[in-house]
Amino acid sequence: MSRYYTESDTPNIIFYKVPKVLILSERYKKMKPNALKLYIVLLDRLQLSMQNHWIDENGYYVRMSKEHGSDLLNISEPTFITSKKELHKLGLIEEKRVGLNKANLIYVLKVDYSDEDLYKIKQEDAEMVVGERKLKNLTSRNKKIELQEDKKLNSIKNNIKEKDINNKKYLVNKDTVNTDEIIHKLTNEYRIKGLSKEVCMRVVDEVMSNIGEIENLGGYLRTCLENTLYKSKVRKGEINPFERIQERLKGTDIPYYDWLNGDDDGLPY
């Protein structure tokens with residue numbers, strides 16, 4: 001019997017769910033392994049509480065004695081207590097005493113995260129996908145696409161080298177630009193924001209064809225990608241361009257006319 005996973009095995013896998021923030025956020029990076037395991041187990045037990053409607057005025061609760069918890073996690077009772085204290089300190093659980101010889105009610109709280117944490121997780125996912133695509137065996141069609149992209153990047157690099165030979169330096173804040181790093185960083189950023197890889201590469205090609213006239217490559221490329229993203233959102237109906245025009249004309253004497261909703265004579269109301 002093979003021990004390698006296949007798609008048919010997925011429904012039969014029994015597993016714990018781990019919020020990615022617990023692994024990637026700076027807030028939880030120093031959490032001890034036993035405290036992390038305890039939170040994951042409590043989070044799993046919370047689903048059972050929801051199914052059985054174990055709830056009071058504070059919300060759904062979990063019961064776990066120190067004897068049962070230490071046995072389940074294969075740790076000592078003092079270590080189990082220390083792990084619970086750490087979860088209290090991180091704001092991941094609260095407890096309520098219910099009497100002697102009874103296990104406390106444990107309320108499992110949500111993880112805390114910021115916009116920066118979410119961006120970091122999305123970036124991590126995007127980099128993992130890109131890495132996997134490079135490592136796995138590509139089909140003949142994907143190989144052709146990969147070769148075309150490599151040719152574009154090599155062409156860009158060659159153009160930069162030729163211009164450097166002619167003593168043309170591209171400076172940002174008086175430092176020589178690491179062009180490959182700028183392109184990689186900005187195209188990744190705007191792919192996460194919604195642009196496809198192909199569109200990003202077309203923008204890069206257009207910018208690099210005029211690089212001799214550009215003093216700030218990073219700033220110029222960001223502006224071009226931002227304009228392309230804006231046009232894409234307008235085409236998809238995610239942005240109403242007329243609202244932006246009206247906003248810019250506020251406080252000025254310039255009249256605004258919505259020609260899409262005006263009279264047939266083409267004149268303002």
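Let me begin with His-53, which lies in the loop between helix H2 (33–52) and strand E1 (55–56); helices (H or I, at least four residues) and strands (E, at least two) are DSSP runs numbered from the N terminus. This is a predicted model, in which local features need pLDDT of at least 70 and side-chain atom pairs count only at pLDDT 80 or more, while totals for chains, interfaces and linings use all residues. Residues are numbered from 1 along each chain as its sequence is written, and side-chain values use heavy atoms, leaving out hydrogens and water.

The phi of His-53 is positive, near 60 degrees, in a residue other than glycine. His-53 counts as exposed, at 58% relative accessibility; buried means under 20% relative accessible area, exposed over 50%, and partly exposed in between, with a 1.4 Å probe and protein chains only.

Asn-74, also not a glycine, has a positive phi of about 60 degrees. Asn-74 is in the loop between helix H3 (66–73) and helix H4 (77–89), and is exposed with a relative accessible area of 70%.

Turning to side chains, the charged end of Lys-193 sits over the ring of Tyr-190, 4.5 Å from its centre. The criterion is NZ of Lys or CZ of Arg within 6 Å of the ring centre and within 35 degrees of the ring normal.

Finally, confidence. The mean pLDDT, the predictor's confidence in each residue from 0 to 100, is 78 for the protein, and 68% of its residues reach 70 or more. Over residues 165–177 the pLDDT is below 50, and this stretch has 19 contacts in the model beyond near neighbours in sequence, a contact being heavy atoms within 4.5 Å. Where pLDDT is low, the predicted coordinates should not be read in detail.
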